[in-house]
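Hi,

Here is the structure I promised to pass on. Have a look at it first, and then read my notes below.

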Amino acid sequence: MAKEHGHGLHLRSGPLSWLVRDAPEYEERKKRTTFVPPSISIKDVHAAVPRHLFEKNTVKGLFYVGRHVVLSLLFHLFAKRIDSMTWSVSAALRLGPLGRSSLCWSLWAVYWFWQSVAFAGMWTLGHECGHDAISPYAWVNSIVGMGLHTWVLTPYFAWRLTHRSHHKGTNSLERDETYHPVTRKDLNLPDAHHATPMDYMEIIEETPLFTLFKMVIRQFLGFQLYLIHNRKGNPKYPPGTSHYKPSSKLFKPQDRTSIIISDIAIGCMLLFLATWSYRTGFGNVWSLYFVPWLWAHNWIVMFTYLQHSDPTVPYYREKSWTFARGALATVDRPVFGWIGRFFWHGIAHDHVAHHFFVTIPFYNLPEVTDAIKPVLGEYYCYDSTSTLYALWRSFTQCTFVEAEGDVVFFKNQRGEALRECASDLTSTEASDLKQNVLMGGPENDVDSEMRLAGL
């Protein structure tokens, strides 16, 4: 066996082993195979946060937006000089055609990476606007958010509405909006007691190459496909559901005007791109805009998927779900280190805190995280596993959930789960646990939790 997997063993034990190894925090959660749903009160979490962290500063918020836009413009100016830089450097170093071509492609790769990071950062700032967290003034958030999201072809008002619904139903199999897991029943698998290894192999096991192909499609196109026709969205919506359709079941009748405004904005952006392509050539627009735009979508799908899709994180059905439990079904990750903190404004670093307090500005969330961790205890999920390995791990191990059970965990392609809910909880105990999450009294329900969270 060791000989057969020699290369993998060498990588796992060599200087780059951290790239393909589960982090200590993840290993610790794996050891806690029996899961008891948390009974933490959001009132206690709320009380742990200093009041000044809830304050929003328009000047400070706009500073971050302005800084980000300026950096993106600088990357653009760099790209427009790549050809002249290539010829100048090639002449100075006396490079031949191969060397000149290699230098040119290298410079374009640098631009594509950093501009894609910047585009993803614009999306995260638009996300902040959608939570009214950039400014205390709604009109400032709407104007800035519309501009940022339209630039990366995201319908601002439409996505804002469904994203707020996601926050109101995080990891609820009935309520949540996206990255909705398939069930054993959806896959036509035999029940767990009768399924054999051959059943799993025939129905869901894939070759690594096919898995990689599916992963690439999802990473680069998945978000737009979700917007267009609800791909990986909640199956409770009928066929034809779309963020671009004002009459979609995603929205309420009173939302239709804002959906139309979003559609008009996206139409204007597409017209701008078409005009730009007509005047300068599609190849130019492809290099300057669409390549970094596609890679930005890869980053967006990467960090949003990893926020809640993890083999150690539960999904709840209606009887067991509460707002606090949904918020705790979130994983903080130091995605791409300082890049994620600086360019993506900590959208993955402090996501647990964000789910508890959606209107707190992103620049205050590190302090919020530190304040609430003692209250959350072992239910605070953090994972420093290298980002790309964590992505592969979740994509290959988060295959399906059981069609029954109030609290379920992802199972892999062999029908195995890392954790399971405590089986000795009676229905009365489960009900008591859920009630303890609330703030006492029949009038204090999930709506009360959401009001404390700013929803």
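**What I found**

Let's start at one spot: threonine 178 sits in the loop between α8 and α9 (197-203). (Helices here are DSSP runs of H or I with at least four residues, strands are runs of E with at least two, and both are numbered from the N terminus.) Before going on, please keep in mind that this is a predicted model, where local features need pLDDT of at least 70 and side-chain atom pairs count only at pLDDT 80 or more, while totals for chains, interfaces and linings use all residues. Residues are numbered from 1 along each chain as its sequence is written, and side-chain values use heavy atoms, with hydrogens and water left out.

Is threonine 178 buried or exposed? It counts as buried, because its relative accessibility is 19%. (Buried means under 20% relative accessible area, exposed means over 50%, and partly exposed is in between, using a 1.4 Å probe and protein chains only.) If you skip its neighbours within four places in sequence, threonine 178 is in contact with Tyr226, Lys232 and Gly233. Contact means heavy atoms within 4.5 Å.

**The whole chain**

The chain has 19 helices and 6 strands. It is made of 455 residues, and 52% of them count as buried. Take the contacts between residues at least 6 apart in sequence: 72% of these join residues at least 24 apart. The accessible surface comes to about 21600 Å², and carbon and sulfur atoms account for 63% of that. Those areas come from the Shrake-Rupley method with a 1.4 Å probe, and for residues only the protein chains shown count as cover.

**Helices that pack together**

Two packed helices are described by the angle between their axes and the distance between the axes. The axes are lines fitted to C-alpha atoms, for helices over the stretch in contact, and the angles run from 0 to 180 degrees between N-to-C directions.

Take α4 and α6 to begin with: they pack at an angle of about 160 degrees, with their axes 10 Å apart. So α4 is roughly antiparallel to α6. (Under 35 degrees counts as roughly parallel, over 145 as roughly antiparallel, 65 to 115 as roughly perpendicular, and the rest as oblique.) Their crossing is left-handed, meaning that the near helix is turned anticlockwise from the far one by less than a right angle; clockwise would be right-handed. Among the residues that meet here are Tyr64, His68, Phe75 and Phe78 in α4 and Leu107, Val110, Tyr111 and Trp114 in α6. By class, this contact has 15 nonpolar, 5 polar and no charged residues. (Ala, Val, Leu, Ile, Met, Phe, Trp, Tyr, Cys and Pro count as nonpolar, Asp, Glu, Lys and Arg as charged, and the others, Gly among them, as polar.)

Not counting residues up to four places away in sequence, phenylalanine 78 touches Met85, Leu107, Val110 and Tyr111. Phenylalanine 78 and tryptophan 108 are 30 residues apart in sequence, and 9.5 Å separates them C-alpha to C-alpha.

Next, helix α6 (residues 97-130) also packs against helix α8 (residues 156-168), at an angle of about 70 degrees and with the axes 10 Å apart. That makes α6 roughly perpendicular to α8. This crossing is right-handed. On the α6 side the contact includes Trp123 and His127, and on the α8 side it includes Tyr156, Trp159 and Arg160. The contact of α6 with α8 divides into 4 nonpolar, 4 polar and 2 charged residues.

What angle do helix α10 (residues 208-229) and helix α17 (residues 387-397) make? It is about 110 degrees, with the axes 11 Å apart, so α10 is roughly perpendicular to α17.

Most residues other than glycine have a negative phi. Asparagine 230 is not a glycine, but its phi is positive, about 65 degrees. You'll find asparagine 230 in the loop between α10 and α11, and it counts as buried at 10% relative accessibility. Histidine 345 has a positive phi too, of about 55 degrees. It is in the loop between α14 (338-342) and α15 (351-356), and is buried, with a relative accessible area of 7%.

Cheers
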